[in-house]
Amino acid sequence: MSLDLTGLNAYSDENKMDLIKKSVLKGKTVSMITVQADIKSSAKINMIDSNLIATAGACGWTPAGTTILKQRDLSVASIKINEAICLEDLEKYYTQKAMNAGSYNESLPFEAIYAEEKADKVAALIEKVIWQGDVVSANTQLALSDGFIKLFSAGIGQITGNTGAVASITPANVIDVVDAMVDSMHVDTIDADDNVLFLGYEIYRMYTRAIRNANLYHYTADEKDFEIMIPGTNVKAVAVAGLNGTNKMYLSKASNYYFGTDLLNDSEDFRIFYSEDNDEVRFRTKWKQGVQVAFPELVVEFSL
């Protein structure tokens with residue numbers, strides 16, 4: 001006589017390890033550019049410029065030069081995320097071991113890591129919409145708000161960075177492409193202390209590898225968190241997830257880019273609560289976001 005185990009499933013200890021959240025590239029752009037808070041719908045970016053004209057010293061008064069006050073609109077879109085979880089559904093699976101005894105469970109047994117997961121995903125969404133957002137996009141997540149790519153697609157006076165009219169970015173030309181963008185910088189930004197070249201991770205990795213392969217690995221500037229100073233310049237190349245897969249790069253002063261919102265921590269202000277009427281745990285977060293650039297003529301855009 002032998003055992004008949006055909007009616008059993010192979011054992012798997014699903015409670016052996018903690019629930020692990022998926023790693024997501026967190027947004028970096030917001031931490032580097034100018035953030036304008038307290039915007040409910042739209043606001044003005046107020047700017048001052050001048051045309052300074054000096055003349056030879058002499059008696060008399062002949063006015064010359066002009067001071068220019070300009071404005072650009074910074075509009076924000078309201079975004080929210082609502083989610084509901086029926087706790088009874090968790091009683092059917094390994095998650096039941098983390099739940100309280102009895103039938104009146106009113107809290108998520110893995111609330112802490114659940115909140116961390118949502119924080120990462122919201123940060124990643126904000127980052128992507130900052131760059132790729134387009135209110136007419138067929139992608140509902142990108143249609144939440146217009147991003148910088150959509151803003152510059154209208155041709156608002158930015159500098160063309162693809163001076164060599166390259167058809168693709170390759171390991172063989174990426175150093176020349178980046179150098180051409182630096183060479184195209186507006187003269188008024190050359191000595192700025194916050195010049196940044198924003199690019200996708202795949203182009204960043206291609207660029208740093210090309211530097212290494214060109215025997216420039218003796219270059220001693222620190223490469224950390226996908227950021228590196230472009231050799232021989234005051235421009236920092238910074239990889240951002242929002243530009244992944246776009247084949248676009250943008251170079252300007254970081255302070256020239258604006259991110260509009262209502263409260264600075266709105267997107268981090270989660271609500272996880274039990275709804276007695278619906279007998280479910282609910283998750284809610286709301287925030288506002290929009291982008292604008294103060295001086296488009298100071299931005300170098302690379303586009304294929």
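**Strand pairing and salt bridges**

Author: Strand 11 (271-275) and strand 12 (residues 280-293) pair in the antiparallel sense over 5 bridges. Two strands pair if DSSP finds at least two bridges between them; strands (E, at least two residues) and helices (H or I, at least four) are DSSP runs, numbered from the N terminus. This is a predicted model, in which local features need pLDDT of at least 70 and side-chain atom pairs count only at pLDDT 80 or more, while totals for chains, interfaces and linings use all residues. Residues are numbered from 1 along each chain as its sequence is written, and side-chain values use heavy atoms, with hydrogens and water left out.

Reader: Which residue in strand 12 is the bridge partner of R271?

Author: The partner of R271 is R284. The two strands form a hairpin with 4 residues between them, and D279 in the turn has a positive phi of about 55 degrees.

Reader: How many salt bridges are there by the rule?

Author: A salt bridge is a side-chain nitrogen of Lys or Arg within 4 Å of a carboxyl oxygen of Asp or Glu. By this rule the count is 10. One of them joins E227 to K28, with the closest N and O atoms 3.6 Å apart. E227 lies in strand 7 (residues 227-229) and K28 in the segment before strand 1 (34-36), so this pair ties together parts that are 199 residues apart in sequence.

Reader: Are E227 and K28 buried or exposed?

Author: Buried means under 20% relative accessible area, exposed over 50%, and partly exposed in between (1.4 Å probe, protein chains only). Both E227 and K28 are buried. These two residues and K236 are linked in a network of salt bridges.

Reader: Where do K40 and D262 lie?

Author: Their side chains meet in a salt bridge at 2.9 Å, N to O. K40 is in the loop between strand 1 and strand 2 (42-51), and D262 is in the loop between strand 10 (257-260) and strand 11, so the pair ties together parts that are 222 residues apart in sequence.

Reader: Why does K40 count as exposed, and why does D262 count as buried?

Author: K40 counts as exposed because its relative accessibility is 60%. D262 counts as buried because its relative accessibility is 8%.

Reader: With which residue does K44 form a salt bridge?

Author: K44 forms one with D73, the closest N and O atoms being 2.3 Å apart. This pair links distant parts of the chain, with K44 in strand 2 and D73 in strand 3 (residues 66-75), 29 residues apart. K44 is partly exposed, with a relative accessible area of 44%, and D73 is partly exposed at 41%.
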